[in-house]
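Dear colleague,

Please find below the structure that I am handing over to you. My notes on how its chains meet follow directly after it.

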Number of protein chains: 12
Amino acid sequence: MATLSNPIKVLVVNGPNLNMLGKREPEIYGRDTLDDILSRLNEQAQNLSIELDCFQSNYEGAIVEKIQESMGNVQGIIINPAAYTHTSVAIRDALSLHSVPIVEVHLSNIYKREEFRHHSMVSAVATGQIAGLGAQGYSLALTAIRNMN
Amino acid sequence: MATLSNPIKVLVVNGPNLNMLGKREPEIYGRDTLDDILSRLNEQAQNLSIELDCFQSNYEGAIVEKIQESMGNVQGIIINPAAYTHTSVAIRDALSLHSVPIVEVHLSNIYKREEFRHHSMVSAVATGQIAGLGAQGYSLALTAIRNMN
Amino acid sequence: MATLSNPIKVLVVNGPNLNMLGKREPEIYGRDTLDDILSRLNEQAQNLSIELDCFQSNYEGAIVEKIQESMGNVQGIIINPAAYTHTSVAIRDALSLHSVPIVEVHLSNIYKREEFRHHSMVSAVATGQIAGLGAQGYSLALTAIRNMN
Amino acid sequence: MATLSNPIKVLVVNGPNLNMLGKREPEIYGRDTLDDILSRLNEQAQNLSIELDCFQSNYEGAIVEKIQESMGNVQGIIINPAAYTHTSVAIRDALSLHSVPIVEVHLSNIYKREEFRHHSMVSAVATGQIAGLGAQGYSLALTAIRNMN
Amino acid sequence: MATLSNPIKVLVVNGPNLNMLGKREPEIYGRDTLDDILSRLNEQAQNLSIELDCFQSNYEGAIVEKIQESMGNVQGIIINPAAYTHTSVAIRDALSLHSVPIVEVHLSNIYKREEFRHHSMVSAVATGQIAGLGAQGYSLALTAIRNMN
Amino acid sequence: MATLSNPIKVLVVNGPNLNMLGKREPEIYGRDTLDDILSRLNEQAQNLSIELDCFQSNYEGAIVEKIQESMGNVQGIIINPAAYTHTSVAIRDALSLHSVPIVEVHLSNIYKREEFRHHSMVSAVATGQIAGLGAQGYSLALTAIRNMN
Amino acid sequence: MATLSNPIKVLVVNGPNLNMLGKREPEIYGRDTLDDILSRLNEQAQNLSIELDCFQSNYEGAIVEKIQESMGNVQGIIINPAAYTHTSVAIRDALSLHSVPIVEVHLSNIYKREEFRHHSMVSAVATGQIAGLGAQGYSLALTAIRNMN
Amino acid sequence: MATLSNPIKVLVVNGPNLNMLGKREPEIYGRDTLDDILSRLNEQAQNLSIELDCFQSNYEGAIVEKIQESMGNVQGIIINPAAYTHTSVAIRDALSLHSVPIVEVHLSNIYKREEFRHHSMVSAVATGQIAGLGAQGYSLALTAIRNMN
Amino acid sequence: MATLSNPIKVLVVNGPNLNMLGKREPEIYGRDTLDDILSRLNEQAQNLSIELDCFQSNYEGAIVEKIQESMGNVQGIIINPAAYTHTSVAIRDALSLHSVPIVEVHLSNIYKREEFRHHSMVSAVATGQIAGLGAQGYSLALTAIRNMN
Amino acid sequence: MATLSNPIKVLVVNGPNLNMLGKREPEIYGRDTLDDILSRLNEQAQNLSIELDCFQSNYEGAIVEKIQESMGNVQGIIINPAAYTHTSVAIRDALSLHSVPIVEVHLSNIYKREEFRHHSMVSAVATGQIAGLGAQGYSLALTAIRNMN
Amino acid sequence: MATLSNPIKVLVVNGPNLNMLGKREPEIYGRDTLDDILSRLNEQAQNLSIELDCFQSNYEGAIVEKIQESMGNVQGIIINPAAYTHTSVAIRDALSLHSVPIVEVHLSNIYKREEFRHHSMVSAVATGQIAGLGAQGYSLALTAIRNMN
Amino acid sequence: MATLSNPIKVLVVNGPNLNMLGKREPEIYGRDTLDDILSRLNEQAQNLSIELDCFQSNYEGAIVEKIQESMGNVQGIIINPAAYTHTSVAIRDALSLHSVPIVEVHLSNIYKREEFRHHSMVSAVATGQIAGLGAQGYSLALTAIRNMN
């Protein structure tokens, strides 16, 4: 791995219903709340000289604007678009404004679920994807972005 | 991350043409050879108390048999099925013999390439996927498997 | 029908453009405004010992959040997702957080309209559907939920 | 609701295998027999000044002819075409001879079952649909037809 | 093969136009009439302590009712749905009422004929299929059912 | 035209709901009843030394059997399968038993109606088709068969 | 049939390669040349007080212009668009300029040939179709148009 | 062009990410910001006695509401739905409330881009479309609406 | 708008049946003839220092050759390919010989018409499209080309 | 059954992962190993004067070659292509070299499993198929081949 | 190669826009004009005792007629249908009049271009295809036809 | 043709079942064995200063490795992938490692055979294709490669 000297900032975007994590279908997503996950991610970030900007919204428009606003201010994006993964051209377009590394994360293995969840509007404008590895997907994404800066 | 006390064994399978890494379309796959990548992965493995069993073949049948033979002997599988990702029911069936964590890795972002590369026969029987993050995809997969054991 | 002794609470969600009811294509939707319909529904509800929580929004995100917030507080949901019927995975995911009866209502017979209106993202997570029966669809849905509690 | 003074007659058609209700997959359809359901429906009908003409057949041709014969004699039709829902152009054509309200009823939520059950040949010529609400679907349909006369 | 002590009863259903066997396209179906085939099958059945109940109809409804009536009275079903193979949801639903072994038989290899004959509505609710082996398909099906009881 | 010396027999089959002709959607099918049409056709037939055998049924199975029974007894078939045009493999199979000329007739232009009416299961086993020319389609079909004998 | 007093004019259009009739695949189209067929058709026309305007071209544009020019001058159109049946929007648009009866004729049964020949661009703007009845299809079409004027 | 005496009001709606114009993929959209474009459009509007009401939002719901609110207040609508072009039934439904001229504008030629951008949910309820002509598309749309009032 | 000093030449191509404008389906295309439209366009052209070369043909080949011949002689092309829009690869290939601005014009909103009219073979090689705005579409196209030179 | 005098030889081919039978998803395939099944099959074969040549491979190429080599040496083939059923054109081509009876066997009912398992590349070149009847499928296939020689 | 004694005649047909060769997208088609290519081909033909009849047209109808006229006069056809490759049933039908060898030639590799260029209407009636080898494709085709005579 | 001074080496790859040439479906492939064909090809090669490296395998993996090994050692590749044409991504990927001319050869016209043979995975990475010209396809390919070096 690269030497982690330079401090960077990473945007972490979570899409609709992820604020309900830990309360919903725990057999799929586990019992951790989003706060639990992000607080562990913050610890890891500090060790990697990364400042996190965490954002969750159930509004497609709010996610679009957050991504727009972070333009020029972050060196990487971790995004779990949740339900908007499969339908949002707007989030895709917003992400394509950036030239920093973008990692798309899904907690569950979307290929084991309903067929409409197998296609992502976002994948083609992201750098890479991590899916099916639960909450540690965020952690791996952070490592990956650190190594790409 | 979990404390890494118990030693485990992980099978690393690489599919057709990956033996040509570093010689082929470097703008997509980078200049590292497969040996370069696996030797770095071995270093990481030792630090994580993991023994690697690395295997590459251009034969679908050979990959099927390697996966069969590792049944009961490994605690995790990392597989980059390469071209067989999109066509091999036989590798899918072999992987479904296992109940250990399986991480499917792709060096490139397959969603930016030809449409026939967007579908994987393997994804539905794997635990998770990592794609588009280059050679470090193997490293992240190893971390993920370590954390799941 | 069941004896209606126990008081329950039912969430009534109306999606985009339903605030324009009575002003739009009356040959399809009739001349009643949404207020007219809901005020009649409230009368029926009181007779059935049901408290209604009525909500309309043109924002997908707002509908998602209303459904989230009602979790644990209602014993049934009536939802007319209107235009979001055909596109919203986010509303589907929010509804799947609930284990109470959910009745999907459409004023018009969506099978007589454009083909893209024939498919609903919500149907597979609802208990049942009522379509094409105009404003009384809400009333029938309320009776159905009363009978299921 | 409208004042229920004028007596009307309603045809209730049940398609193939519904004569086996209560004997088949009770987890989907409940334990009521078709006789149980129709006898309760008859009680409700009397209260609403409605005379029911109930008909069940496993023959597509017999259902077609019953619908033809009722032309001019009934003020509404409730039809659960069961298996013929998805395949019968003949029943669709027979129903289109009528100009009275037609309510298509399905006991189960057909959108949670096999994909071929998601499409109905009948929906586009019916007034409306009620699905997934079990035996009370017939009762709601009867109320709806009463209100439309 | 299992010892054939316990006597069982097996329903043999033949669908539309099979009463014309021996008179129609002999290059595909051979010169045997249905009576020839069933009389040979009866001989085999007696040797296996099996009582056959043979039924042929050109009416989908009649086939549905025969299957319904045999419920609880037979220990196996052999069905050649002929033309209804490809279109009948009603026969599929009737068969799914049974929990005894069901073997779907086709005289010809349906995969060598028109494309619409490649799909069977019945296969997913049958235990197994035998196709393309001519009249002996019935005989093999009988052996199979004997071995499953 | 050929000299019409030899007497022949022609089967005229009409499918479901055609017994309702003249009572249904007159803007599409005209005001003639089926009896009106067939009685005019009989007059024409006598002039052409043709004996007609006219048959109408709403039952697929009955149509199949009528076609079977006419085998060897008729020198031509005129069939308007109506709703069964689009779904009946059984009628197709029965027709393919014959080697006499078969003319498929449709009163309306099926290509101006719903898309599912554009495909006929019967066309590939008929000699020819006449569609959209109203009741005279039968008359033209009779002339055609006369000329082919 | 109607009394044939009033003289009318009918345009007869034949599309590409029909000038080769009698020289090409006689097992499908017979040995008659186009001249043979049209000369017999002219005889029939005279008996029916019809003047024919016969036109053949291998150019889509020429057929379009012939149809345009006949606007207002003919009381019916018989068209065998041959290969342009399946591809020509231009001929379809030209035909839709007319409000006189249009009969589409095909010599062979196009539903027994390659799949791309099963769809006609012209059918939806024609009055009716006659197919598979060989050269007499023109004769039947002429009778039909005579009866519609 | 028509004489431009009567003053009218035109709603100009811009969808998600168009607030980033000039900052994003300039090779496709040019270097003008949305403000630059709208300020030039305002100049043109004044010359044409048109008052503009310009609105941009990244929220589908906000766009829906703006269109609703303008009902009865404007004589024309220019809309560039951007990413929502391809997915928003809600905006389509809101636009269909209006009976004034609606012109859909796209800066780039959407037929040269990804396939999912070739289909517009809005086109069928708009009066017309202008695409691929850059910022002057708005200007042409304004001229068109002026000419239609 | 740009200062219109330099004189340019623009090719205006109209496809099949547009010579019938004003005589055909006036509710869709208006009562103007093509001459009316082009004569108004010529007036506008003179004001813009543009020389028009107007061409109409019903022959795909003639349109191809006109486009070929204009290569190097015009600074812009306005083309309404009419029926050839949906089928002509040859016109597409001819247009792709040019590097001047090409504007595709459709009088009607093709997205409100039959589905086969929704796809254009030409769009991907044109600069832009104007549809549904009637005859003024040509005028707007001319303005656009003027501004691009 | 036929008198079994003449000795014949039958090739029995098993495809990828069938060497793992008894170790994998026993709820689908049972607990028998492939050796168990083939040893029982050998007993039956001896009784039928049949010599078996049993072959299993995980390599598509090896299966192709085994089929090639048996050409002229066997009087029948039983093949369970397992995963290669759905993808191998090469095995299909090799089988089509033979003119002896070929029976395709599947242990499980492939029509109850994932959709990609519903289609077989091999079926159209086999004589017939036996599926879903477990290990006795091989035994029935052997009987069938015996009866066809 | 065969001894080239007998003189033969070969038709060489070039479709739309090939007259522009050398002026259009030279990176795909090279800088040779059609005349350059055909003059070299004529030299080769003379050496092979072949007389060439070269024809180019942008009109589908003209190509159809040229092919018709050559019937019986040529011993082979080389055709590059260019844009008509993908759409012309008429050229296919004309070619199927011939029983001489027909070689379809494409200068570029059509499988590397737009998807609609991957399908040829002509291939199924040609003897063979040569694509992607540039102008020498004609030369190879000539050799092939020489060897087949 | 180019002067053939410089000696080059060409790899000739033949896929599965081509070792059976001359023994299989001679009406399609002729009676020549692969050895016959390659020995004639060798003669031609010597005349052209070409050294051939001929390879046949029924194993996809072996073909992949042969192609890999020839990298840098050959100046051209002739490949007839046979059955693997339609399914092998691995061979496609191996071929894309090369930058020398690659000619795909098929003995038969694959467009006259089953539909699944119409698509080639290899075409898009080859330089060109020759199909349907029998064994001389190899010879033409050799000439083409000679001319490209």
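**A salt bridge between chain E and chain F**

The side chains of Asp93(F) and Arg117(E) meet in a salt bridge, with 2.8 Å from N to O. The term stands for a side-chain nitrogen of Lys or Arg within 4 Å of a carboxyl oxygen of Asp or Glu. Between chain E and chain F, two salt bridges are found by this rule.

Before going further, please note that this is a predicted model, in which local features need pLDDT of at least 70 and side-chain atom pairs count only at pLDDT 80 or more, while totals for chains, interfaces and linings use all residues. Residues are numbered from 1 along each chain as its sequence is written, chains are lettered from A and ligands numbered from 1 in the order in which they are written, and side-chain values use heavy atoms, with hydrogens and water left out.

**The interface of chain E and chain F**

Chain E and chain F each bring 17 residues to their contact (heavy atoms within 4.5 Å). About 1,400 Å² is buried between them, and carbon and sulfur atoms give 55% of this area. Buried area here is the accessible area (1.4 Å probe) that two parts lose on being put together, summed over both. On the side of chain E, the residues that lose the most area to chain F are Asn17(E), Met20(E) and Tyr59(E), together 34% of what that side buries.

Eight residue pairs are in polar contact between chain E and chain F, both residues being at pLDDT 80 or more. A polar contact is a pair of N or O atoms within 3.5 Å; within protein, one must be able to donate a hydrogen and the other to accept it, and residues adjacent in sequence count only if both atoms are side-chain atoms.

How are these two chains related?

**The interface of chain D and chain C**

Here 22 residues from chain D and 22 residues from chain C are in contact. The buried area is about 1,800 Å², with 53% from carbon and sulfur atoms. In chain D, Tyr111(D), Gln129(D) and Leu133(D) lose the most area to chain C, together 29% of what that side buries.

How many salt bridges join chain D and chain C? The count is zero, whereas 15 residue pairs, both at pLDDT 80 or more, are in polar contact across this interface.

Chain D is superposed on chain C (RMSD 0.0 Å) by a rotation of 180 degrees with 0.0 Å of shift along its axis. That is the relation of a two-fold axis. Ile130(D) comes closest to the rotation axis among the residues of chain D, at 2.3 Å (C-alpha). The copies meet through the same surface, because 100% of the interface residues of chain D are also interface residues in chain C.

**Over all chains**

The count of salt bridges over all chains comes to 60. One of the pairs joins Asp93(C) and Arg117(A), at 2.8 Å from N to O. Chain F and chain H do not touch, and their nearest C-alpha atoms are 20 Å apart.

With kind regards

Methods
Copies are superposed by least squares on the C-alpha atoms of residues with pLDDT of at least 70 in both.
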